[in-house]
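This report covers aromatic contacts and nonpolar cores. The sequence and model come first.

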Amino acid sequence: MSRIKIIFNVNNWLLLLAMCGARIMLYSQTDDKFWFVAPEVTADHNDRPIQMRFNTFATAADITVSMPANPSFIPISLSVPPSSLELLDLTEYIDVLENKPIDQVLSAGILIEASTCITAYYEVDAWNNPDIFILKGNNALGTQFFIPFQDQWSNDVFPNPARSGFDLVATEDDTRIVIVPSKNAVNHRANVPFEVTLNRGQTYSVVAESNSRNEKMIGTKVTSDRPIAITIKDDSQLNGDGGTCSDIGGDQLIPIDLIGTQYIVPKGRLNTADQIIIMAVQDNTQIFLNGNSLADYTLDQGGHARVRLTDEVILIESSYPVYVLHASGVNCEIGHAIVPPLECTGSKEISSARVDNGQFFLFIIVPAGHEDDFLVSGVDFQINPALFIDVPGTSSYRVARINANFFPLDVPFRVSNTSAGFHFGILNGDTGARYGYFSDFGSLRVSISDEVICQGDFVDVSVKSTYSILEWSPTMNTSEFNFSLAPMQTTAYRLIASDTELCRDTAMFRIKVNRSYESFDTINACRNDEIIIGNQSINASGFYSVSYLTMDNCDSVKHYQVNLLDTLVTNEVMILCPGESIFVFADQEVSTPGTYFKTFNSARGCDSIHIVDLINDDELLYQDTIYLCAGESLELFGNAVTETGIFRGTFASSRSCDSLQIYTVLPANPYDEYDTVFLCTGTSINLLGEDINTQGIYMAMLTSIQGCDSIQTYTVIEDDPSSYINWPGNLTMNFGKPISWTISDDPTFIDTIIWNTLLGINCILCTDWIFDPYRTTEYEVTITTKGGCIENHRFTVEVIEEKPIYFPNTFSPNGDGINDFFTALTPEPGSIIDWLDIYDRWGNRIFRQTTFQPNDVSIGWDGLNNSEPAMIGVYVYQAQVTFQDGRVFIYTGDITLLR
């Protein structure tokens, strides 16, 4: 029995402290590892310089920029002092870093690693086509995304055309990505899924086929089986509403598990209305603006609403989580930013800088009552609470839109709040707009991994948290932060944690339990049989155990009850009355006195002998023959007899009955006796008082049974069973598919055959056997030849019990008649699926169907949950299948639902 320890944090703030050695504050998009892929920007409008900007806090940082899939790229290392803004010019690498050409697997993934937590963003610093892409660290990684774009402005037309699109980078090898474009992409049709497989650091670019605003790929779905990061771009947007400006917008995306249901969006500085794209990831999502009691929009999965923002600020709420993309800017220049949700997110401190001489604006969103708790360092400015305005529809938050044109260029500054988390965005530019949010997008997520244990092992769970509420599924009677789990079967667990501010977080993990086996068997053997259990030779009856490891390295044990049996000999005396008969051995009628015996083969395989002595009740008549050797005499009835003949006499029996004794005296002359004896190879026999180990003819003079001298002759013949017995080695068979073995081409030399077990043998005394055991079995067979030689052999028939059954790992219940149902497939006729259960990521059973046949693609789970389409993602299935041979198996696995 062993233990596995699971330690996980329920508070991402504390996790940052442990990973990055930070002070007790939650910083902006802060991490020590960032994955990013740089989008291609049209060179015809201007695509350079490009650069990375890094901000440090109280600790200096050693930073490395590498391309894991491109061994020819020499990693760049730099050291950044504390509280500094560092610019890394990457323009000389632009042809290597930009993810081009499109629709190809490339090696353009960028990995940034730091010795302590930093913030980082990528900047296209072209004077007339700039934007910033805020790197979100771990918050950018996920397996499910929907792609948002604005659909107000088309893309400019150049010889090297500007387009909207998105770029993917994998963080692990063998990452399978499925993309369902909502509009035509280059080389891919709308609503037709296609798959890409990437290794660590490899990238892929998907670009819209058209530059039209109506052909943006809004709502494109991207799923993967391992974490990826996505960059979105909308190159050279033509702002015809406010002039002839053309500008890029873009950002790094967040996965759907980080989006929320409540957003606040302050208006930027466009000379026309800002555009807000609200995109749903679940059907029947209702959208409420500025606290309206009735929904302003109702959206299905992938659907979107475009809201023109003309007021200073807007409140967006939804019934299910949504993406919010804000297209804003300066004058007619446009920038994009993914807006962070309000629930359980935000930063206690951010670090930024003004990087362009153009206009510079700050956006701050803070819980009401904390407006007076801001501190600013690095520049001469303090945030006055009077700068904050109310948000329509809520009294819980307030917003400040601050003109910071007086901030010095390239001077890092910090904004912190001593009492609450807040969201912080910047808008900077003149001939182009740079727009992004630096505050933290991460929810207070639980981090935990699956574990694999053996049956009977313990898992120690240690929850590091300041949370006051713990809810478990399956239900466990514990509110402790340190306890043990010992599931007897594979179990999916869900933990819901809440803090005192009712920020809830959910984690799911699975403990796979590999089976440990304990089995019992009985061995019945004869006393002289050789029995080996494990590496122990057994010579006494008793209870024995053998420990072993399964293929999954789980401790298992097999117990044996060994019964060693002696050859049983029973004697019985039976009385026969004169003139009567009697039954011996229950089936043999005799009327003649004498000794009778019969050999039985017992159920345990050992011989037993039953001897019956049958005598008369009274010896009324006794007759005997006596041999008289030549020249000798014998005494009968008190007289010496020297001649042959018949002699009679009378005597009184035990019952005082007269009895007659008749002796026939015959001459006993010397005679020669011949016999043939078989000698087993490698043994010796005792003949005439000496050990004989070779074949030949042996003679001796001895006294016959009549007492006369005689000559006895023995012919010794060697019996070599190996010349006509074929012993098998270990055999392997599939369950239910017998195998055969013939013992000898000439079985006439074989006298008896004894097996240690009859499991799966078609015939005991045959010499052609068919083996069909239902489990792996060790056989031992003892063969006695006609010459009395005993041969012993042990071998194993291994039975492979694998059943031909297949459960798909993905299906797409979208009504196209292809792969719409999830069920089991097997070539074995007559199999029945006793039950099929489907569980969601929280461990809830959402589907059950019983007693139906496999292979029917119209039966099984149709992807519905309570008559509504279930969300895409990974689900757990369990099924019990009864096969034609009556054996029952339970299968468990994962199924990915696609649409």
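## Aromatic cluster

F807, F811, F822, F847, W861, Y875, Y877, F883, F889 and Y891 make up one aromatic cluster; rings of Phe, Tyr and Trp (its six-membered ring) pair if their centres lie within 6.5 Å, with planes under 30 degrees apart counted as stacked, over 60 as edge-to-face and the rest as tilted. The model is predicted: local features need pLDDT of at least 70, side-chain atom pairs count only at pLDDT 80 or more, and totals for chains, interfaces and linings use all residues. Residues are numbered from 1 along each chain as its sequence is written, and side-chain values use heavy atoms, leaving out hydrogens and water.

## Aromatic pairs

There are 37 aromatic pairs in the structure. With ring centres 6.0 Å apart and planes at 75°, W755 and F771 form an edge-to-face pair. Both W755 and F771 are buried (under 20% relative accessible area, with exposed over 50% and partly exposed in between; 1.4 Å probe, protein chains only).

F883 and F889 are also paired edge-to-face, at 5.8 Å centre to centre and 75° between the planes. F883 has 2% relative accessibility and therefore counts as buried.

## Nonpolar cores

A nonpolar core is a set of buried Ala, Val, Leu, Ile, Met, Phe, Trp, Tyr and Cys residues joined through side-chain atoms within 4.5 Å. The largest has 88 residues, and F166, I179, V222, I230, I316, Y323 and W861 have the most contacts inside it.
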